[in-house]
Amino acid sequence: MTSTSEAMDTGDLIARAEEGLGLARPEIVHLLSLDDPAEIEALYQAADRVRRRCVGDEVHLRGVIEFSNHCRNNCTYCGLRRDNAKLARYRMEDDEIVECALGIAEGPCGTVVLQAGEDPAFTAERLCGIISAIRARTPLAVTLSVGRWPYEDLKAFRDAGASRYLLRHETANASLYESLCPGRRLSDRIECIRHLKRLGFETGMGCMVGLPGQTVEDLASDILLMQEMDADMIGIGPFIPHGDTPLAGHPPGDAEMVLKMLAVTRLVTRDTNIPATTALGVLRAEARKRAFFAGANVFMPVYTPKKYAPDYQIYPGKAVSVHEDMPLQEVVDYFSSIGRPIGAGHGARRKR
Ligand code: 5AD
Ligand code: SF4
């Protein structure tokens with residue numbers, strides 16, 4: 001902690017942040033460094049009030065289809081990395097993906113998220129066909145989570161009917177990013193995020209917490225970057241080591257730090273859509289629930305067919321789908337028991 005942050009009054013800081021006065025970097029660092037349980041609780045409660053005021057009590061559900069676990073990239077943290085020869089690879093057929101989306105449309109989700117590694121077998125043309133089929137046959141909003149693409153392809157996805165796109169920046173520390181993602185640059189990723197905004201996509205960013213060598217200053221930079229880019233959706237989860245990757249021996253991220261990140265992000269970004277991520281639930285099931293009392297307002301149930309879901313192993317313990325361990329009715333009942341109705345419609349970001 002810096003001497004500036006020691007001099008800060010935490011209560012005042014939280015009160016000013018709750019009013020929407022913004023937070024400077026040292027103030028964000030101060031809040032992320034809180035270790036007094038009462039102060040941490042005050043931070044979560046303020047974020048919870050801002051969540052209620054800016055996006056309401058509704059929880060929006062996004063149904064995720066993980067349609068391919070092939071990836072041309074080699075991110076050192078991820079189980080889908082190219083060099084992981086132990087992973088059984090799969091690719092869904094186009095029809096199978098559309099069928100799965102039809103199933104989602106019958107339930108309470110207003111949005112489908114098409115997610116995959118960067119799989120060259122899915123060309124832009126092929127993805128456009130899938131997007132337009134889903135748009136023609138369901139009322140779902142289509143969100144893509146398919147990595148980096150050139151501007152022209154992103155435009156084709158938009159023209160085919162996709163309206164949202166998730167592209168986590170992973171970490172705002174460029175040298176850390178470049179050490180974790182061999183051969184790739186943070187600036188290229190940020191440029192792609194700019195393209196998405198320019199094309200009118202509701203755009204998601206996000207980061208991992210607890211990456212090897214990552215500091216609390218880096219986490220403050222993540223929040224400031226997402227604020228500066230005006231991200232519409234923000235996914236933040238802990239790093240979870242995967243045994244078949246170069247980061248196997250590293251400790252996982254801290255669930256409390258993830259919750260503090262969610263809370264501060266809510267205080268700063270106000271009306272964004274913030275999911276309680278699966279990774280947080282893998283770390284501690286109750287932490288994912290607590291996220292809904294610390295700023296989160298989105299839940300993303302996994303609809304990937306049973307026969308594939310266990311192989312979408314970005315990190316271990318992830319295969320929790322609506323078909324197996326998490327029947328959607330239980331999720332809906334849980335939210336209704338805590339006074340959080342399921343949002344109707346697409347659940348787009350409510351602009352100020
Ligand atoms: N632990 C937690 N999250 C991970 N991701 C990839 N690997 C891991 C891991 N080991 C996240 C990245 C990526 C998203 C699909 O999953 O943020 O963008
Ligand atoms: Fe591929 Fe994404 Fe995993 Fe990197 S994080 S290896 S781009 S699936």
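**Helix packing and ligand contacts in a predicted model**

Mentor: In this predicted model, helices α3 and α10 are oblique to each other.

Trainee: At roughly what angle do the axes of α3 and α10 cross?

Mentor: Helix α3 covers residues 25-32 and helix α10 covers residues 216-228. Their axes come within 9 Å. An angle from 65 to 115 degrees would count as roughly perpendicular, and one over 145 as roughly antiparallel. The two helices are therefore oblique, with a crossing of roughly 120 degrees.

Trainee: Is the crossing of α3 and α10 left-handed or right-handed?

Mentor: From α3, the contact involves Arg-25, Ile-28, Val-29 and Leu-32. Their partners in α10 include Val-216, Glu-217 and Leu-219. The passage of α3 across α10 is right-handed.

Trainee: How many nonpolar residues does the contact of α3 with α10 have?

Mentor: Residues from both helices take part, among them Ile-28 in α3 and Ile-223 in α10. By class, the contact has 1 polar and 2 charged residues, and the nonpolar ones number 8.

Trainee: Which residue has a side-chain N or O atom 2.5 Å from an oxygen atom of ligand 1?

Mentor: The residues around ligand 1 include Tyr-77, Arg-168, Glu-170 and Phe-239. Tyr-77 places a backbone N or O atom 2.8 Å from a nitrogen atom of the ligand. For Arg-168, a polar side-chain atom lies 2.9 Å from a ligand oxygen atom. The separation of 2.5 Å belongs to the side chain of Glu-170.

Terms used
Residues are numbered from 1 along each chain as its sequence is written. Chains are lettered from A and ligands numbered from 1 in the order in which they are written. This is a predicted model: local features need pLDDT of at least 70, side-chain atom pairs count only at pLDDT 80 or more; totals for chains, interfaces and linings use all residues. Side-chain values use heavy atoms; hydrogens and water are left out. Axes are lines fitted to C-alpha atoms, for helices over the stretch in contact, and angles run from 0 to 180 degrees between N-to-C directions. Helices (H or I, at least four residues) and strands (E, at least two) are DSSP runs, numbered from the N terminus. Angles under 35 degrees count as roughly parallel, over 145 as roughly antiparallel, 65 to 115 as roughly perpendicular and the rest as oblique. A crossing is left-handed if the near helix is turned anticlockwise from the far one by less than a right angle, and right-handed if clockwise. Contact means heavy atoms within 4.5 Å. Ala, Val, Leu, Ile, Met, Phe, Trp, Tyr, Cys and Pro count as nonpolar, Asp, Glu, Lys and Arg as charged, and the others, Gly among them, as polar. A residue is near a molecule or strand if one of its heavy atoms lies within 4 Å of it. A polar contact is a pair of N or O atoms within 3.5 Å; within protein, one must be able to donate a hydrogen and the other to accept it, and residues adjacent in sequence count only if both atoms are side-chain atoms.
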